[in-house]
Amino acid sequence: SNNYGPKQHPEKLIPKLIYNILNNKSLPIYGDGKNTREWIFVKDHCEALLKVFEKGKVGEFYNIGSNKNLNNLEICKYLINIAKEKIKIGSKVKIKFVKDRPGHDIRYALNSKKIKTKLKWSNKIDLIKGLEQTFLWYLENEKYYKSILKKDIENRIGKI
């Protein structure tokens, strides 16, 4: 399950898109944008880890997930809509399909039924609310991006 939330390095999809929205840059989407991921807000993931630590059975495995799968294009469109409610978006903020990374998985998903039934845990933060919280954090903490080398934000990871 992919984590997202405040303070995530902008090499990852969601903070990269937010950075580009805030800086009037195109929004790079790998391939056709249909690569799907299961998304979980970082605070929910941390709470699940704590639950496993406190209540989990030694030697057992617990998949932590939200069961919320979206493709990269859907995530991008949600972020654009959130941004439009908060700021004036620049003219260069447009989806740009780029060549996919070599060996990039088409789908990430997992079965997290066990943690829900055995440990009575489930995620609390709705994806849209989590994306909005994440966008607002980056908007209010633009200095975070300044603490990272520009080349580490703008250069594409996994490029050959």
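**Contacts, helices and cores**

Author: Contact means heavy atoms within 4.5 Å. This is a predicted model, in which local features need pLDDT of at least 70 and side-chain atom pairs count only at pLDDT 80 or more, while totals for chains, interfaces and linings use all residues. Residues are numbered from 1 along each chain as its sequence is written, and side-chain values use heavy atoms, with hydrogens and water left out.

Reader: Where does Lys68 lie, and is Lys68 buried, partly exposed or exposed?

Author: Buried means under 20% relative accessible area, exposed over 50%, and partly exposed in between (1.4 Å probe, protein chains only). Lys68 has a relative accessible area of 40%, so it is partly exposed. Its place is in the loop between helix 2 (42-55) and strand 4 (69-71). Helices (H or I, at least four residues) and strands (E, at least two) are DSSP runs, numbered from the N terminus. The C-alpha atoms of Lys68 and Gly33 are separated by 17 Å, the two residues being 35 apart along the chain.

Reader: At what angle do helix 1 and helix 5 pack?

Author: Axes are lines fitted to C-alpha atoms, for helices over the stretch in contact, and angles run from 0 to 180 degrees between N-to-C directions. Helix 1 (residues 13-22) and helix 5 (residues 127-140) pack at about 50°, and their axes are 10 Å apart. That makes helix 1 oblique to helix 5. Angles under 35 degrees count as roughly parallel, over 145 as roughly antiparallel, 65 to 115 as roughly perpendicular and the rest as oblique.

Reader: Is the crossing of helix 1 and helix 5 left-handed or right-handed?

Author: A crossing is left-handed if the near helix is turned anticlockwise from the far one by less than a right angle, and right-handed if clockwise. The crossing of helix 1 and helix 5 is right-handed. Here Ile14, Pro15, Ile18, Ile21 and Leu22 of helix 1 meet Leu131, Thr134, Phe135, Tyr138 and Leu139 of helix 5. This contact of helix 1 with helix 5 has 9 nonpolar, 1 polar and no charged residues. In this classification, Ala, Val, Leu, Ile, Met, Phe, Trp, Tyr, Cys and Pro count as nonpolar, Asp, Glu, Lys and Arg as charged, and the others, Gly among them, as polar.

Reader: Which residues touch the most other members of the largest nonpolar core?

Author: A nonpolar core is a set of buried Ala, Val, Leu, Ile, Met, Phe, Trp, Tyr and Cys residues joined through side-chain atoms within 4.5 Å. The largest has 29 residues, of which Ile14, Ile18, Ile75, Leu79, Leu131 and Tyr145 touch the most other members. Elements that give two or more residues to this core include helix 1, helix 3 (72-86) and helix 5. Leaving aside neighbours within four places in sequence, Leu131 is in contact with Tyr4, Ile14, Ile75, Tyr78, Leu79 and Ile82. A second, separate core of 7 residues includes Ile40, Ile115, Leu119 and Trp121.
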